[in-house]
Amino acid sequence: MLALQLTITGLQTGALYALTAVGFSLIFGSTRIFHFAHGATFIIAAYLFYFVNVSGYGMILGAIAATAGAIIFGLLLNRFVYVPIQRDEGSFFTIFVASFGIGIVVQNVIGMVFGRGFVTVQTPLSFSVEIMEGLYVSPLAWISMLCAAISFSLLWYFLKYSQMGKALRALSDNPELVRVFGMNPRFISACAFTIGSILVVPAAIISGATSGLNPAMGHHVMLISLAATIVGGIGSVAGTLMAGLALGLAESLALLYVDSQWTEAVTFAILFLFIIVRPSGLLGRSAAH
Amino acid sequence: MEAYLLNLGILISIYSILGVTLNFIMGYAGIYSLAHAVFFGVGAYAGTFMAMHYNASIFVTLPVAMAAGAFLSLILALPALRVRGEYFVAASLGLQVLAVTIFSEWKSVTGGIGGLIGIPPLDVAGFEVFKPSQFIFVTVGALIIILFIINRLVHSSFGRSLRAIRDSESAAAAFGKNVPLIKTISVVISSALTAVAGVLYASYLSFINVESFKLDTSVLIMAMVIIGGTGTQSGPIVGAALLLLLPSLISYMDFLPQTEIGSIQQIIYGLGMALLMIYRPGGIVGRKKQSETGKE
Amino acid sequence: MVASSADTQDVLMEIRNVDKAFGGVKAVDNVSMDLRAGIITTLVGPNGAGKTTLFNLITGELSKDSGSIKWLGNPINKIKPFQASRAGILRTFQDLRLFNEMSVEDNILTSVENNSVPIPLTKSQRTARREKVEHALNRAGLFSKRKVRAKDLAYAERKFLSMARVMATDARLWLLDEPASGLDPNSYEKFLEILRDEVKQGVTVCIIEHNLDIVIGISDRIAFLDRGKLLADGEPQSILDDPELRAIYFGERT
Ligand SMILES: Nc1ncnc2c1ncn2[C@@H]1O[C@H](COP(=O)(O)OP(=O)(O)O)[C@@H](O)[C@H]1O
Ligand SMILES: [Mg+2]
């Protein structure tokens, strides 16, 4: 029963990991921008939702504010940080350090405004229900999985059928294609940031209601996204999705064998082994040189 | 005031050692490690373990710490030989997170999250160094020795091999460079020297815990190198001084709300990192140097 | 070792039935040929014929699917690039792969040194090294540019630097991947002169070249590759006169 309980918790966590990870993976795959501040997008969205909600404007307005905040943050960062660095032939690490710096700024600004402790969004859905003897599941678990399923279906539809989606996919497969495409690369990267940022919103909102929020959690979210992107295979959205789910499950099921302090280590041990044994990831192109 | 400056000087020289050793693999071998704080920590814990349980003489603590750093760095060398770019960054990140968990959980050696207190002062040939006015000579001396060693390496055939590998790995191999061996040696040397900083740091503060060896520290060191100028001699030192002076200048501005001073420091530090990357990505020392060699 | 009759030179390298496929494409298809000492063998063939791949298989940059290669009579089937270099087989790259951030002088210096462990050199070793580097710098006409970063050189200078890296070493066999492509007539005259000189001094060369004038001017032997297959291997005149080969060769070029 414990295993089943942990599987469901794992799938819930995994669904949220998959959402944030796919956002990062899409941005990284198509623009090669190592958007470490993706974790900051997550906490901005989460705290906006929390703020609108406790101010009494309700969940729908909260979700709208969170989405708008995430998109604006992503686009501003792209326009005023990444584009200037890239114009200067900025290396991968220049972008990484700048992005990391922005992450620190966001974390501390949020900490100053909302405090550094945990906050939770209270909803009637947060309480677990005993659905079988000894098996407690909160409705939010199903909502998480449902949200992930809906988001990924929409994303899949977009990537497969829209012009922009095809361009993003082609770029993930082969980043050299930017020029060949005849589309404005600035516009493409703005789109990647928009979609990537939207994808963290459901995860951010649900996390606020389940595990609670604190300003430092952006970091953890980002590390998981990176791990899922690499384990899934850079450039593969489907691979990242699977890897996100798998990492959530692994983290949860690891509790059968180790104490909870070790769960993060389990994730990163998996990442480390993947890079050494199969750097191309589950579904990615070859990466070893 | 004098105590304050001494303290700053000691910290700057310790972080300069970290910057210089990271720059050695980053700027010359192209190995961008985000796990540098791990070897800082390994040095600190290993040195402390020896000092508390066996002997506080630096002729015991330093060699043991360096050996521990060198040995464990083989784990970092493993991905460095297989992958590069974002893959290696991710691998080193993974190592960093794993190490923090181990540092927090291996309580018998590291004291867990609470850390270790009462670390004995440095014992230099029977002479106990704990006053900051004496300690600064030790840290600056160590920095000079390490600078000398790295300078010699960089300007030897070994250093040329490293730069050749950084520029084109396949061409370096085609001209007789045993690439995996050279990369491994450079990682081992860098980590062993990093461990020295750990030993100094632990005995200076006489207290350590895992907070000093987390990812933030690794990124701070990387930022020092990049901001100072990757692949330059003085860059890492300039970067270390700048990033450590920045927060202390802020604490002098008493119009700021005192309760938020930590956050404000962090915000300025983060903004500084981003702005420098936008406006001066070659680093403070780096840019000038490049245009000079270009003109020759 | 293969018996050498009175009028053929010693065989330095013996390539037998070498295969390499990428996915479904056979880049090198059952190639057998010899590289003979003291002469220039030219590899010709249309783009994508497998010429570069053959070099990569010789130096161990890529591993063969099957077949064998002998160097000075010994099998070198599992050799790694750095070992090939130390055994006296050196190459240039079609895309040059200079050490871009390093000075011209350091590029050459690096190529001469092949120790991996940081050990200091003796004085006489250092003098010998210095002389080799200066010789190569002068020969390639790069002496005045020796302090310039490789990436700041002009196109032709970059090509000569890629040659100089090889020239400074004691290698017995040079594998040159299109070293003259894109050179102006002046430069390639100079290039040919260098090549002839070095061969006179005992170096063996295998060169990939498209320009027919150069091919005629330097080849002692020509090997013709097309779609991975060795179509012919022999005296230059017999290859150049073969109408079928001419058709493939010129067909590709128009
Ligand atoms: N590393 C590789 N991976 C996949 N295919 C390759 C690789 N190297 C070469 N090829 C393919 O092998 C064939 C021969 O290439 P190459 O040896 O470079 O030809 P050449 O040098 O004669 O122009 C080409 O079809 C090329 O696309
Ligand atoms: Mg070729």
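About 2400 Å² is buried between chain B and chain C, and carbon and sulfur atoms give 60% of that. Buried area here is the accessible area (1.4 Å probe) that two parts lose on being put together, summed over both. On the chain B side, B:Arg160, B:Asp167 and B:Phe175 supply 28% of the area that chain B buries against chain C, more than any other three residues.

A word on the model. It is predicted: local features need pLDDT of at least 70, side-chain atom pairs count only at pLDDT 80 or more, and totals for chains, interfaces and linings use all residues. Residues are numbered from 1 along each chain as its sequence is written, chains are lettered from A and ligands numbered from 1 in the order in which they are written, and side-chain values use heavy atoms, with hydrogens and water left out.

Back to the interface. Contact (heavy atoms within 4.5 Å) takes 26 residues from chain B and 30 residues from chain C. The rule finds two salt bridges across it, a salt bridge being a side-chain nitrogen of Lys or Arg within 4 Å of a carboxyl oxygen of Asp or Glu. One of them joins B:Arg163 to C:Asp106, with the closest N and O atoms 3.7 Å apart.

Now ligand 1. Which residues are around it? They are C:Phe22, C:Ala27, C:Pro46, C:Asn47, C:Gly48, C:Ala49, C:Gly50, C:Lys51, C:Thr52 and C:Thr53, each with a heavy atom within 4 Å. For C:Gly50, a backbone N or O atom lies 3.0 Å from an oxygen atom of ligand 1.

Technical notes
A polar contact is a pair of N or O atoms within 3.5 Å; within protein, one must be able to donate a hydrogen and the other to accept it, and residues adjacent in sequence count only if both atoms are side-chain atoms.
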